[in-house]
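Trainee: I'm new to this one. Could you walk me through how to read it, feature by feature?

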Amino acid sequence: MISLTNVSKVFDKTTVLKEVTIEFEPEKTYAIIGSSGAGKSTLLRCINLLEIPSSGSVVVDGVNLVVDKKKLSLVREKIGMVFQNFNLFAHMSALHNVMFALVKVKKMNDADAQKEAVKYLTEVGLQYRLNNYPHQLSGGEKQRVAIARALAMKPKVMLFDEPTSALDPEMTQEVLKVIKQLNHIGMTNIIVTHEIKFAQEVADYIIFMDNAEILEVTPTQIFFSKPKSSRAVEFLSNMI
Amino acid sequence: MNLNFEKIIPYVHLFGSAILVTLEVAALAAIGGSILGLAFSLSGRKGSPVRYLVKGIVEFFRGTPLLIQLTFFHYGLPQVTGWIPDVMTSALIVFSINSGAYLSEILRAGIESIDKGQIEAAHALGVKNFDITFSIIIPQALRNVLPAIMNEFITLVKETSVVSVIGLTDIMRREQMIASVTYRYFEPSLIAMMIYLVLNIILSFVGKKLERALKYD
């Protein structure tokens, strides 16, 4: 349902993505790993066009987003995203953070949106935090609100951009637990992460990136026992 | 010491209508200025087709004295256009654009203070630009720059005193009139200043209340 073909991204003169081609199968979980600066986040952000590719095509559900910008917000509804820095709306309570897009994008009425928001906030274990503002929440709680906010839109795909990189180890576990529980809903998950153990646990496929390119897309078990690229071997040996 | 407030007392009530004139100019110009300021700040952003025009207007109105703007508009322009506006119209137009120019810069700073991550998050949810602007950016920007906006309104109340030069009988003009019939300057000036001071203390109190009401962290 998502395919990227020859996607490149150049900032000024630095190439951050070099002719990347990849297809994501529905209902699978992908973990994108690799060292910092490999282009992992940029690849993820090209999927919902938060980053506009310098060349190449991004096709989601048959729509080439690079060409068909008018359908962009329509497609973005189907792609949820969770950010490293949470990016909650600072002037809205947890409840309203989740309700906002339901009302503005899905055109739900307030009562329905609220019911829906409470449901998803409960799912991430925050039913007791509905009326708290972002600044009153811990990092882990903020990220869970952000996850609920994305989930409430019932996306077919979830993009996680280093969802635990800004969190301490304890909060990291609390957020990872929530993400693991999501696996059952039948969404495609694409996760950029530095938590290798977590990637090993949840992912069906590992996408290994280095130096602006995808070196391999390998089923998780095989990747960790027998990676194809020598760079991945080196990367994994540095992990212990 | 040569003070005699008794001589002034028969005239003090005349300040009543003058206060209303000052308030009318200030309040309407604050409304006009806010609308224009918002319009300027939004249409002056990167990628807007009219942004150089907007920047030109803002620079012009910030870079020339208000007093000349007012006399130029009221006495100078009719020479060219043939249209003679009444004094209130001239005052409102000039003050609205002038404070709009200042407010647009204040709002621009507020808009730029919003962290880009929230805007990205909204885009990722499929929220349209209109809703992002008016439901995410503006409410937070306003909160952040409210003290500066109140400051601008206070300045506006004081600056309305220049309308006396085109003949509007505001507080300042009334003070001059009373001084010229009584030959006393200290007393009417002091009263006029006190009136401005009280108006602005009230305004600043309202501002503080508003700040507290909009606080979310």
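Mentor: Let's begin with a pair of strands: strand 9 (residues 205-210) and strand 10 (residues 213-219) of chain A pair in the antiparallel sense over six bridges. Helices (H or I, at least four residues) and strands (E, at least two) are DSSP runs, numbered from the N terminus. Two strands pair if DSSP finds at least two bridges between them. Keep in mind that this is a predicted model, where local features need pLDDT of at least 70 and side-chain atom pairs count only at pLDDT 80 or more, while totals for chains, interfaces and linings use all residues. Residues are numbered from 1 along each chain as its sequence is written, and chains are lettered from A and ligands numbered from 1 in the order in which they are written.

Trainee: Which residue stands opposite A:Phe208 in strand 10 of chain A?

Mentor: That's A:Glu216. Look at the hairpin too: there are two residues between strand 9 and strand 10 of chain A, and A:Asn211 takes a positive phi near 50 degrees.

Trainee: How do I read a whole sheet?

Mentor: Strands of a sheet pair through backbone hydrogen bonds, either parallel or antiparallel. In chain A, four strands form an open sheet in the order 2-1-4-5, with antiparallel pairing. Strand 2 (14-24) and strand 5 (63-64) of chain A are the edge strands, each pairing on one side only. Further in, strand 1 (residues 2-11) and strand 4 (residues 55-60) of chain A share five bridges in the antiparallel sense, and A:Ile2 stands opposite A:Val60 in strand 4 of chain A.

Trainee: What domains does chain A have?

Mentor: Domain bounds come from an automatic or database domain assignment. Here, that assignment gives domain 1 (1-78 + 158-240) and domain 2 (86-154) of chain A. Their C-alpha centres lie 25 Å apart. Two residues are in contact if their C-beta atoms, placed from the backbone, lie within 7 Å; the contact takes nine residues from domain 1 of chain A and ten residues from domain 2 of chain A. Helix 6 (residues 169-182) of chain A gives the most to the domain 1 side, with four residues.

Trainee: And how many residues does each chain give to the contact between chain A and chain B?

Mentor: Chain A gives 19 residues and chain B gives 18 residues. On the chain A side, helix 2 (72-76) and helix 3 (94-104) of chain A each give two or more residues. By class, that side has ten nonpolar, six polar and three charged residues. Ala, Val, Leu, Ile, Met, Phe, Trp, Tyr, Cys and Pro count as nonpolar, Asp, Glu, Lys and Arg as charged, and the others, Gly among them, as polar.

Trainee: How many helices and strands does chain B have?

Mentor: Chain B has nine helices and zero strands. Its C-alpha atoms fill a box of roughly 70 × 50 × 25 Å, taken along the principal axes.

Trainee: Why does B:Glu112 count as partly exposed?

Mentor: You count neighbours: a residue is buried if 20 or more other C-beta atoms, placed from the backbone, lie within 10 Å of its own, exposed if 12 or fewer, and partly exposed in between. B:Glu112 counts as partly exposed because it has 13 C-beta neighbours inside 10 Å. B:Glu112 lies in helix 5 (residues 87-112) of chain B.

Trainee: Which residues are buried in helix 9 of chain B?

Mentor: B:Glu187, B:Pro188 and B:Ala192 are buried there, and the buried residues of helix 9 pack against helix 8 (171-182) of chain B.
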